[in-house]
Structures are given as structure tokens and as C-alpha cells.
There are 2 protein chains.
Amino acid sequence: MSRSNPRVLSTLERAGGFASAQEVYRLMQREGESIGLTTVYRSLQSLVNDKIVDVLRRDDGEAIYRLCGDAHHHHLVCKNCGDTVEIEGGAIEKWAKVMAEEHGFREVGHTAEIFGLCSKC
Amino acid sequence: MSRSNPRVLSTLERAGGFASAQEVYRLMQREGESIGLTTVYRSLQSLVNDKIVDVLRRDDGEAIYRLCGDAHHHHLVCKNCGDTVEIEGGAIEKWAKVMAEEHGFREVGHTAEIFGLCSKC
DNA sequence: ATGGAAATGAAAATCATTTTCATTTGTGAT
DNA sequence: ATCACAAATGAAAATGATTTTCATTTCCAT
């Protein structure tokens, strides 16, 4: 088994929020780091095993990773111009927790996004 | 644009619960139906557009489809066994509305899902 | 019957992810 | 320093779901 390459973790941190393996890889390339895509995948997997990062799925099926326990935020996206606002999701956190408990679920996470037309569009 | 092949919907119904495109296809084959994989994908997509079926992602990233209940609801999904509970999202609706207003967004919609380990897993 | 639009499906293309495998690197013993 | 061996690395091939292409077939309205 392989252990995580520390540069992968540090890049994921720097990405803030979510990032896919491909994105982490591209980011490292752009920053001149020499690393193979395979190693990025392996490192992320290992971080997931160690419960250092969470993994989710985007709507398109791509896996996205995020530091565990990271205070996370949600997005308000304009469906016309793509403009995005980071918003706070305290209400969601509470809702997710309550719903999960109500149904006996553990180790819960969630995704939530709002989309609409921004004031300019 | 293409419309859904009715046999796809009927097969998905018969499958009860969730089924992936590949599973619907295999099921139809086993039952002697003559249909192409492409048509299965197209039909499922079209059913999703028409909000007749829901689509989720398995842990491995494969898309799974299921007949929609009626009202707008959210999902509590077990990331191990895929078991799913439909939950009510009143809190989310309110949150989305408030956040959108706060930032001057109109015509808002949202997505939200909770995932974790169910009591059996 | 006739023409055009929609539906179909086989095969190729795409794309994320995993596997293979040969090479490199790190480490501990001598 | 040298040898030996395990772990890490990454390029390239394999995998598998999904999408696209495109030629053909089916449907309908005239």
C-alpha cells in the first residue's frame, strides 16, 4: 500500500473547498510541481482511507475531495452568467444533522447548492 | 431531441427501487426486449429532464435512476448500501429563499442531499 | 405513395479512474 | 560506502460508464 504524498494534501488545502483529482493534478502542474496523475489518485485515496479527507460526487459523476472538518460553505450560482457567491449554510448543517439522526444515519455529510438569476441578469 | 422509449420506463418501474442504465439495459435483454444501450441512456435522460425519474450517484460514480415520488423532496442516501430515504426539506426551501433574496437572486432552485451510513451498515 | 422529421442502435470517441509494470528512491544492515 | 530490499513513482495501457456520430429505419402528415 502507498502513503499519501504530502504535496497533494497541501495542494488540496490550498484549493480551499472541493477539488477533484484532476483539478489537484492540474493545479500542481501549473505551480511547477513534478508529480504524476497516478500518484495524485493514490494519495487522495489514501487520505480518504485515513479519514483525513471526505469524498463526494459531483453531478457529472466526478469525485471531489475536501479536507474533513473543514468549515465548508455553499454556493449561490447564477444560471445565466455563472457568477458565484459563497454563502453560509448553518441552517443546512442543522437540517442535515436532524434528518440523519431521525433516520439513524451516522457519519453524515451533505451537498447543497442554490441557483437562480443574479441581479445583473 | 428524443422522447423516452416507454419500454424503458416500464422496465425501470418493474425494477422497483434504483437501477443504473446498464442494469435496465441488461434487464431488458434478459427479458428478450430488443433495444440498444444508447436508447436506454437517451430515454433515462429524457425522463430525468421531464422530472419523471430521479437520478443519483452510487459510490462508484455510476448513475442510478428511480421513479420520482411526487412532491419536491430530498434524499438521505447510505453511502455503503445505497439505501435511500426521501425526506422533507422545508428548512432548505426557506434557507434557499432567504439566501437568494439577500443576494438579489431571482427564480431560484436548489439541490441538496444528505449522505451517511444507515443504521444497518 | 412521398418527403421530412424523429427515433434507433452500432460503433467510435470521451473521460475519469484503475491497473500494470518497469524504474527510481529511501532505508537499514553489513 | 555498498548491497539488498521494500516502498513510491509515473508512463502507458486497460477499464467501464457515458456520450457522440452517423447511417438507417420508423412514423406521420400530406
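**Close-up views of the A–B pairing and cores**

**View 1. Strand E6 of chain A beside strand E6 of chain B.** A:Leu117 has B:Arg106, in E6(B), as its bridge partner. The two E6 strands, one from each chain, are antiparallel and share 9 bridges; strands count as paired if DSSP finds at least two bridges between them. Strands (E, at least two residues) and helices (H or I, at least four residues) are DSSP runs, numbered from the N terminus. This is a predicted model, in which local features need pLDDT of at least 70 and side-chain atom pairs count only at pLDDT 80 or more, while totals for chains, interfaces and linings use all residues. Residues are numbered from 1 along each chain as its sequence is written, chains are lettered from A and ligands numbered from 1 in the order written, and side-chain values use heavy atoms, without hydrogens and water.

**View 2. Strands E4 and E6 within chain A.** E4(A) and E6(A) run parallel, joined by 4 bridges. A:Cys78 stands opposite A:Gly116 of E6(A).

**View 3. The largest nonpolar core.** This core has 26 residues, and A:Trp95, A:Ile114, B:Trp95 and B:Ile114 have the most contacts inside it. A nonpolar core is a set of buried (under 20% relative accessible area, 1.4 Å probe, protein chains only) Ala, Val, Leu, Ile, Met, Phe, Trp, Tyr and Cys residues joined through side-chain atoms within 4.5 Å.

**View 4. Surroundings of A:Ile114.** Not counting residues up to four places away in sequence, A:Ile114 touches residues including A:His75, A:Ile87, B:Trp95 and B:Met99; contact means heavy atoms within 4.5 Å.

Methods: Buried < 20%, exposed > 50% of the residue type's maximum accessible area, 1.4 Å probe, protein only.
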